[in-house]
Amino acid sequence: MPTPRSLTTAPHRDFDLEVVAGEWPADISGEVTYSSPQNLGGLPYRIFDWGSICRLSLEPGTRGAAPGRFRWQSVSIETPGKRLWNRHPEAFGGSPIGYTSPFGSANCANTATLPWGNRLYATWDAGRPVELHPETMEFVSEVGHVDSWGGSSMELGGVLPFLFSSAHPVADPERHCLWTVKLEPVIEPTFGMRPSLVRYDRHDGTQVRHWPLEGISFSGSIHTVSQTRDWVILCDSGNFKADADEMFGGERTTTIDETVPVWLIRKDAVEGLASGTPITPVCFTMSPPNGHYYARWDDSDGVSVVWEGMDLMDLALYLRPDDVDVNGNPVDPAAVGLYNMAMAPETLVEVVFEPETGKVLERGLFKEDWTFNLQLSAMDWSVEGMTNPTLHHVTYQGCRPGSISARAARMYEGRIDLDQLREETPGALCSFERGSMELKARWEYPDTADHITSPAFAPRAVGATAGSSAFAGRSPGGHEGYVIQPVCNDDGLRIEVFDASRVGDGPVAVLKGTNNETIPLILHAAWGPSHHELADADRLRFSAEVNDETLASVPEELRGSVREVAEELDRLW
Ligand SMILES: [Fe+2]
């Protein structure tokens, strides 16, 4: 089976689910939010399309569900760019890296959701974090006036600045800020992107502060930001490379790296430091390239990081209508525009970065023939859980030759073993011990029509322990709670709920849509407690960035719509 056709054909909609197997746990609470690119613009690469946020309530009868049922909701994120697209879709073009427009660089906010205390954000790599209303999930604001970011990453004109950032800012529970990045092209020391560390303080969304990393230039992107109590950890993800030929209509030839640079910055180093002042990071090299990495909060005995390798997973490659797969079969039309899947098994490794010596020490590593398409993971994000992480839950989607193009295989000739890519293999949800990366549990999905995706960890008995933080359950770390595992299948979405300490025993409860509804492609998942009110804070208004100067580069006949959107957003809050 190829990946489910519903990943690209299912509509975004609200529906109810019901328990079809097992028993729903009484000590589960909150909700899981998911990011999802919509299929609206006919972009060649669908993961760049306008974002929706989806929400699954884990408490029956809430968020509009019938009694005893569970609600799935989907809301389009109406950023200023999306509102302009609604009015003038014909003014937007499509490139292999998303929309182009005379309005500037639209924020699609389609990659990850970030519950931060009682606030909710949606993020992506090519724009600022976007705050959403915790009740309605409607767009509220983007984070930080462009001037406070030090200007656009590249001056592309228009009223929508281009801020090349990270899809995974990280929330600092002690400093009450978000840490993220801005990338901008430089010619020194080499032609490439220079990262800046960016800090957004919780109370004031009208501005951020930024500090360029002195002497650093690389060709890639920073998809993830991680942290310990004292350090921010940045790295070149290594698996998404811009290709100039491709951007101008030619063939992509660029391939991903085998090693990537990593930068550590002491949080204290920017305390009180004027925004814009260069800082010097501590530099390391890591392998393989990664999608995501997560540091233990406690760094008293080293900066310990679980590194989710994306070995030979080139995220810049997508399936085209004229592609054949590695077995010579035409690619399923419903898979066109989705990403080219992993071409090798993937490595999970925990390492310790030693800032004093510059060494990287390996604590534990896991890689088997079946560890294809390490998609995403689930962990306990409470500060207590991050301090003493116990289990790290990983979703492997299995090998999918139907989603690996022969074109990609040719590009990676000599780096891949084609014999390993001939057959589909089952997906599996696995639990690893933090530190040793020992496999503690594995639940296999032998039906390859099951596409397992985007897991989240929901702690058990949240709020039951006096003095614990808002996201903490009874026994934090990743073992005491539930793994919420969506299973996409053309016969209907299933939400499988596992006891996190016994994933190998299979789900304890399964939800299914009352009409066997399917869902489109979802990207990241995040668990959080339920909130209803918009927090009191200063926020950026779109109108603050619309002025005579920015409007001057927008064609005259479109300026009225810009003013209209600015007024519409001014009335939101
Ligand atoms: Fe991600």
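**Exercise 1. Work out which elements the buried residues of α2 pack against.**

Solution. Start with the ground rules: this is a predicted model, where local features need pLDDT of at least 70, side-chain atom pairs count only at pLDDT 80 or more, and totals for chains, interfaces and linings use all residues. Residues are numbered from 1 along each chain as its sequence is written.

Step 1: locate the helix. α2 covers residues 80–87; helices here are DSSP runs (H or I, at least four residues), strands are E runs of at least two, and both are numbered from the N terminus.

Step 2: pick out its buried residues. Call a residue buried if 20 or more other C-beta atoms lie within 10 Å of its own, exposed if 12 or fewer, and partly exposed in between, with C-beta atoms placed from the backbone. Six of the eight residues in α2 pass as buried, leaving the helix mostly covered. They are Pro-80, Gly-81, Lys-82, Arg-83, Leu-84 and Trp-85.

Step 3: look for their partners. A contact means two C-beta atoms, placed from the backbone, within 7 Å. The answer is β4 (70–76) plus α7 (556–570).

**Exercise 2. Trace the open sheet that contains β7 and find its edges.**

Solution. Step 1: pair the strands, asking DSSP for at least two bridges between them. That gives the order β7-β8-β9-β10, with antiparallel pairing.

Step 1: β7 (112–116) and β10 (139–142) each pair on one side only, making them the edge strands. The twist averages 30° from one strand to the next; axes are lines fitted to C-alpha atoms (for helices, over the stretch in contact), and angles run from 0 to 180 degrees between N-to-C directions.

Step 2: zoom in on one pair. β7 and β8 (residues 119–123) are joined by five bridges, and Ala-112 has Thr-123 in β8 as its bridge partner.

**Exercise 3. Do likewise for the open sheet β19-β20-β21-β22.**

Solution. Step 1: its four strands pair antiparallel, with β19 (290–295) and β22 (359–366) at the edges. Here the twist averages 25° from one strand to the next.

Step 1: between β20 (residues 303–309) and β21 (residues 348–354) you'll find six bridges. Glu-308 sits opposite Leu-348 in β21.

**Exercise 4. Check the radius of gyration of the protein against the globule rule.**

Solution. Step 1: the rule is 2.2 Å times the number of residues to the power 0.38, with the radius taken over C-alpha atoms.

Step 1: for 573 residues, a compact globule would come out near 25 Å; the protein has 22 Å, so the two agree.

Step 2: The C-alpha trace spans about 60 × 55 × 55 Å along its principal axes, and 55% of the 573 residues count as buried.
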